[in-house]
Amino acid sequence: MTTSTIQTPPAISPVLRKLYFVRFGFAIVWAVLIALTASTLGPVSIALLILYPLFDVAAAVVDHRASRASRPGPLLLVNMALSLLTAVALGVAVTSGVPAVLVVWGVWAITAGAVQLAVAISRLRLGGQWPMILSGGISTLAGTGFILMSGTSAAALTGVAGYATLGGVFFLLSAIRLQRLAKAGTR
């Protein structure tokens, strides 16, 4: 007779699940707002652009506190530093125009995507990390696209709305997967 055991997810899983749902909601609302205001670099779009990496810092702080005993701790500190630097750099870049903003956003997408990829790989045993792995990889590609777009006449902020939306969807998929794993582990 064979038995199968469903391993209960570690204690970090409920925190990540909630965090991923919150990140999904924030990304979708932010994407809609930036899409509505992205035609110009006005006070609202500038505030939104700076808010996004600051929200990422806050999310990384929550994640870091929940995962102190796990391996991604140092990577989350790197993510916090990158996002904080990005918020400052965006505050400077907005004074130079949309192309400068796209370069900063692109560099952040590349570096944060690489960190996200590394964190997700280190958390594979939790389950629900494949969307995060895909998101990290796609983020590095999108970042390159933002940098390339910055040098063209098509340079526009609307692409960051799509980027945030896709990232939000990946957070939602991971949250749903973690929720399913938690339910399977309690049976």
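Which pattern does the chain follow when read along the sequence? The points below take up that question and then turn to particular residues.

1. Overall fold. The model under discussion is a predicted one, and, read along the sequence, its chain follows the pattern α-α-α-α-α-α. In terms of elements, that is six helices and zero strands. Of the contacts in the chain with a separation of 6 or more, 76% are accounted for by residues 24 or more positions apart.

2. Burial and surface. The chain has 187 residues, and buried residues make up 44% of them.

3. A nonpolar patch. On the surface, Leu134, Ile138, Leu166, Val169 and Leu173 form a nonpolar patch, and together these residues have about 380 Å² of accessible area. Two elements, helix H5 (130-150) and helix H6 (158-185), each give two or more residues to the patch, with H6 giving the most, namely three residues. Leu173, one of the patch residues, has its place in helix H6.

4. A search of the whole structure finds 10 aromatic pairs. In one of them, the rings of Tyr20 and Phe171 have centres 5.3 Å apart and planes at 55°, so this pair is classed as tilted. Because Tyr20 lies in helix H1 (residues 12-37) and Phe171 in helix H6, the pair ties together parts of the chain that are 151 residues apart in sequence. Tyr20 counts as buried because its relative accessibility is 3%, and Phe171, at 10% relative accessibility, counts as buried too.

5. The pair Tyr52 and Trp105. The rings of Tyr52 and Trp105 have their centres 5.5 Å apart, with the planes at 50°, so this pair is also tilted. Tyr52 belongs to helix H2 (residues 43-66) and Trp105 to helix H4 (residues 98-122), so parts that are 53 residues apart in sequence are tied together by the pair. Both Tyr52 and Trp105 are buried. These two residues also belong to one aromatic cluster, which is formed by Phe26, Trp30, Tyr52, Phe55, Trp105, Trp108, Phe146 and Tyr163.

6. Gln116 and its surroundings. Which backbone atom does the side chain of Gln116 reach? Gln116 lies in helix H4, and its side chain reaches the backbone nitrogen of Gly136 at a distance of 3.4 Å. If residues up to four places away in sequence are not counted, Gln116 touches Met132, Ser135, Gly136 and Phe171. Phe171 in that list is the residue whose ring is paired with the ring of Tyr20.

7. Ala58 and Met80. Ala58 is found in helix H2, and its relative accessible area of 39% is why Ala58 is described as partly exposed. Along the chain, Ala58 and Met80 are 22 residues apart, and in the model their C-alpha atoms are separated by 8.0 Å.

Key
Residues numbered from 1 in each chain as written. Predicted model: local features only at pLDDT ≥ 70, side-chain atom pairs only at ≥ 80, totals over all residues. Heavy atoms only, no water. Patch = residues over 30% accessible without salt bridge, like charges linked within 9 Å, V, L, I, M, F, W, Y side chains within 5 Å. Areas by Shrake-Rupley, 256 points an atom, 1.4 Å probe, with all protein chains shown as cover. Salt bridge = Lys/Arg side-chain N within 4 Å of Asp/Glu carboxyl O. Helix = DSSP H or I, 4+ residues; strand = E, 2+ residues; numbered from the N terminus. Buried < 20%, exposed > 50% of the residue type's maximum accessible area, 1.4 Å probe, protein only. Contact = heavy atoms within 4.5 Å. Phe/Tyr/Trp six-rings, centres within 6.5 Å; stacked < 30°, edge-to-face > 60°. Polar contact = N/O pair within 3.5 Å; in protein donor to acceptor, adjacent residues only side chain to side chain.
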